[in-house]
Amino acid sequence: MEAIRFSNQTLYLLDQTALPQEEVWRAYTRYQDVKNAISTMVVRGAPAIGITAAYAVVLAAHQYASDTWELFVSQMSQAISDLNAARPTAVNLSWALERMKRLLFSPKEETLVLDALLEEAIAIHNEDIQMNQRMGAFGADVVPENAGILTHCNAGALATGGYGTALGVIRAAHKQGRVSMVYADETRPLLQGARLTAYELQKDNIPVTVLTDNMAGAMMAAGKIQMVVLGCDRMAANGDFANKIGTYSLAILAQYHGIPFYTALPVSTIDFSIEDGSQIIIEERDGNEVLNFFGVQTTPVGVLTCNPAFDVTPHHLLTGIITDQGVLYPPFDRHIAALSRR
Ligand code: MRU
């Protein structure tokens with residue numbers, strides 16, 4: 001399964017706001033529209049928005065290709081900083097844009113820059129799929145036999161270049177016959193678990209049960225869950241990490257019940273420049289996403305709410321970190337520092 005395609009100077013995104021009811025591919029030729037697609041979550045998930053932004057830089061380069069080199073570079077700088085502002089928490093966005101920027105500002109040859117940018121975007125895309133597959137292989141080894149696995153939000157093929165991070169681990173473990181059931185939290189307010197994780201797993205014939213977000217404790221207490229594995233939007237150098245709102249509560253519940261708790265992420269999701277999770281910017285989204293349920297207002301008019309899209313889980317609640325370079329255990333800061341990075 002894939003959610004991002006690029007051909008003939010056009011970016012195609014599988015509209016994740018319409019899933020699972022409709023599978024609609026939207027076509028983009030202007031970077032401004034791609035920025036909007038990231039902000040409105042037509043495409044979402046940390047690695048997926050990084051890949052999408054890289055292709056958006058290619059689109060911008062075509063938009064400005066007929067300008068002089070100086071004007072081209074200044075328009076491209078503006079495009080990159082616009083794209084970088086589309087969503088603030090997932091570091092893959094700035095990581096991918098940084099890679100594109102490096103090429104742009106030190107081109108081997110100015111006339112070849114369009115080709116070089118496209119090659120780099122394709123490399124970012126392909127490398128992500130390969131990292132997910134490696135993560136799947138490493139992660140499957142830590143999945144207990146006959147496991148009930150809880151996951152949150154969607155860290156699957158839809159959230160990445162393909163295969164998925166947490167769902168990549170689940171896919172690989174399922175192939176080895178280790179998975180008895182995947183429990184997918186519905187993930188309020190936008191239901192990425194109920195809509196997207198359930199959709200992906202059902203398509204792959206992996207058994208999935210959708211839970212409301214408030215069921216996790218009871219399911220753990222009932223002995224249904226042997227492992228939690230979920231994604232990551234930004235990890236600090238000490239292993240603190242931001243992921244979809246609700247992750248922190250699950251980490252505490254897992255620790256209380258003695259259940260192994262893992263996050264799975266490619267090295268592109270680690271922000272080596274920040275020491276701990278207090279430095280992660282948490283995206284605050286429109287409160288109407290909470291006050292309404294798919295277009296129907298469910299609260300009294302005028303009531304207050306808040307809508308942080310992510311929370312930060314401290315590293316000491318993690319059993320391990322599943323990366324494309326292996327599974328890391330404490331002390332996380334030392335093992336994270338030893339990872340090779342691009
Ligand atoms: O708001 P979203 O849907 O972009 O949030 C996605 C998540 O929190 C994922 O768990 C995370 O990006 C990892 S995806 C491999």
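Domain 1 and domain 2 bury about 2,500 Å² between them, with 54% of that area on carbon and sulfur atoms; buried area here is the accessible area (1.4 Å probe) that two parts lose on being put together, summed over both. The size of an interface is often given in this way, as the accessible area lost when the parts come together. The structure is a predicted model, in which local features need pLDDT of at least 70 and side-chain atom pairs count only at pLDDT 80 or more, while totals for chains, interfaces and linings use all residues. Residues are numbered from 1 along each chain as its sequence is written, and side-chain values use heavy atoms, with hydrogens and water left out.

The two domains span residues 4-133 (domain 1) and 144-337 (domain 2), with bounds that come from an automatic or database domain assignment. Their centres, taken over C-alpha atoms, are separated by 25 Å. To the contact between them, domain 1 gives 29 residues and domain 2 gives 34 residues, contact meaning heavy atoms within 4.5 Å. Three residues deserve a mention on the domain 1 side: Arg44, Thr89 and Asn132 supply 24% of the area that domain 1 buries against domain 2, more than any other three residues.

At 10% relative accessibility Met131 counts as buried, where buried means under 20% relative accessible area, exposed over 50%, and partly exposed in between (1.4 Å probe, protein chains only). Leaving aside residues up to four places away in sequence, Met131 touches Pro266, Val267, Ser268 and Asp324. By contrast, Asp82 is 49 residues from Met131 in sequence and 27 Å from Met131 in space, C-alpha to C-alpha.

Strand 2 (residues 10-14) is mostly covered, with 4 of its 5 residues buried. Strand 2 is also joined by 4 bridges to strand 3 (residues 25-28), and these two run antiparallel; here Leu14 has Trp25 of strand 3 as its bridge partner. In the loop between strand 2 and strand 3 lies Pro20, and the peptide bond from Leu19 to Pro20 is cis, with omega near 0°.

Aromatic rings come next. Rings of Phe, Tyr and Trp (its six-membered ring) pair if their centres lie within 6.5 Å, and planes under 30 degrees apart count as stacked, over 60 as edge-to-face and the rest as tilted. By this rule there are 3 aromatic pairs. One of them is the stacked pair of Phe6 and Tyr55, at 4.8 Å centre to centre and with 10° between the planes. Because Phe6 lies in strand 1 (residues 4-7) and Tyr55 in helix 2 (residues 46-63), the pair ties together parts that are 49 residues apart in sequence. Tyr55 is buried, with a relative accessible area of 4%.

Charges also sit over rings, a term used if NZ of Lys or CZ of Arg is within 6 Å of the ring centre and within 35 degrees of the ring normal. Arg341 lies over the face of Phe272, at 3.8 Å from the ring centre, and Lys244 lies over the face of Phe310, at 4.4 Å from the ring centre.

An open sheet of 3 strands has the order 8-9-13 with antiparallel pairing. Its edge strands, each pairing on one side only, are strand 8 (234-235) and strand 13 (310-313). Strand 8 is joined to strand 9 (residues 241-244) by 2 bridges, and Arg234 has Ala242 of strand 9 as its bridge partner.

Some backbone features remain. Met41, in the loop between helix 1 (31-39) and helix 2, has a positive phi near 70° and counts as buried at 5% relative accessibility. Tyr163, in the loop between strand 4 (147-151) and helix 6 (166-175), has a positive phi near 75° and is partly exposed, with a relative accessible area of 24%.

Note on methods: Two strands pair if DSSP finds at least two bridges between them.
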